[in-house]
Amino acid sequence: MSKNAVQRPSGRGRFITFEGGEGTGKSTQIKKLADRLKAARMRILVTREPGGSPGAEIMRHLVLSGMGKLLGPEAETLLFAAARDDHVRTVIQPALNQGAWVLCDRFADSTRAYQGSLGSVPIGLINAMQRVTIGDLKPDLTIILDLPVEIGLQRAAVRRGTGAPDRFESEQLSFHHGLREAYRKIAAEEPKRCVLIDANSDPDTVADRVWTALRERLLPATASVISA
Ligand code: TYD
């Protein structure tokens, strides 16, 4: 079998989320994984949060511009939840029902890490919002990209160029260290769903690690074997 050969499962699609702090390379890795899966003739939808649907993109603008912060941590969290509600209902769930594999740049773990662990929003409130917005929809696999904070922030600064840092990029260094710890904790607490991937290597090496995790977790003995 070639490097891209996979066994294609049938029925409902699979929901794969990517998580990590600033500059960990999520979008690069999502693109590489999408290319690999498409080469294996899988039906793929790439999306992101906050955003991913017309309604949620409006909310994205509100939170990343810092306007949500002015309302306080709970209300800012509600904006993320409202965006997720629209995104799940209008984009993610329909795609999964049609058999597509959905690759999502950030999802509910971002709320747990950014607003829960670091934003001091009580976990009870976050869980309640999660029940309303996503119900039983749980990612089949969550890839958490792990990288030393200083390297991630440096990468984010290069990517930004002369543009201003957004609402979260401009947080203190201690916030970003806390974020890394919060994600490591999520990975340790939910080992069946989450894989912590060392992202401190060149993009192709990291992509191979992601691919190995995906094959081990989601492409076991199923339907027809296809090669790309
Ligand atoms: P984005 O420009 O997409 O950044 P990144 O490339 O790091 O994903 O900005 C999304 C920001 O929103 C990011 O800093 C994380 C934050 N965020 C939350 O705080 N809570 C959430 O629930 C989500 C989805 C994102």
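Does R193 count as buried or exposed, and at what relative accessibility? R193 counts as buried because its relative accessibility is 8%, where buried means under 20% relative accessible area, exposed over 50% and partly exposed in between, with a 1.4 Å probe and protein chains only.

This is a predicted model, in which local features need pLDDT of at least 70 and side-chain atom pairs count only at pLDDT 80 or more, while totals for chains, interfaces and linings use all residues. Residues are numbered from 1 along each chain as its sequence is written, and side-chain values use heavy atoms, with hydrogens and water left out.

R193 sits in the loop between α8 (173-189) and β6 (194-198); helices (H or I, at least four residues) and strands (E, at least two) are DSSP runs, numbered from the N terminus. Leaving aside neighbours within four places in sequence, the residues in contact with R193 (heavy atoms within 4.5 Å) include K138, P139, I186 and R217. The table gives two polar contacts of its side chain, each being a pair of N or O atoms within 3.5 Å, of which, within protein, one must be able to donate a hydrogen and the other to accept it, and residues adjacent in sequence count only if both atoms are side-chain atoms.

| Side chains | Polar contact |
|---|---|
| R193 and D109 | 2.8 Å |
| R193 and T142 | 2.7 Å |
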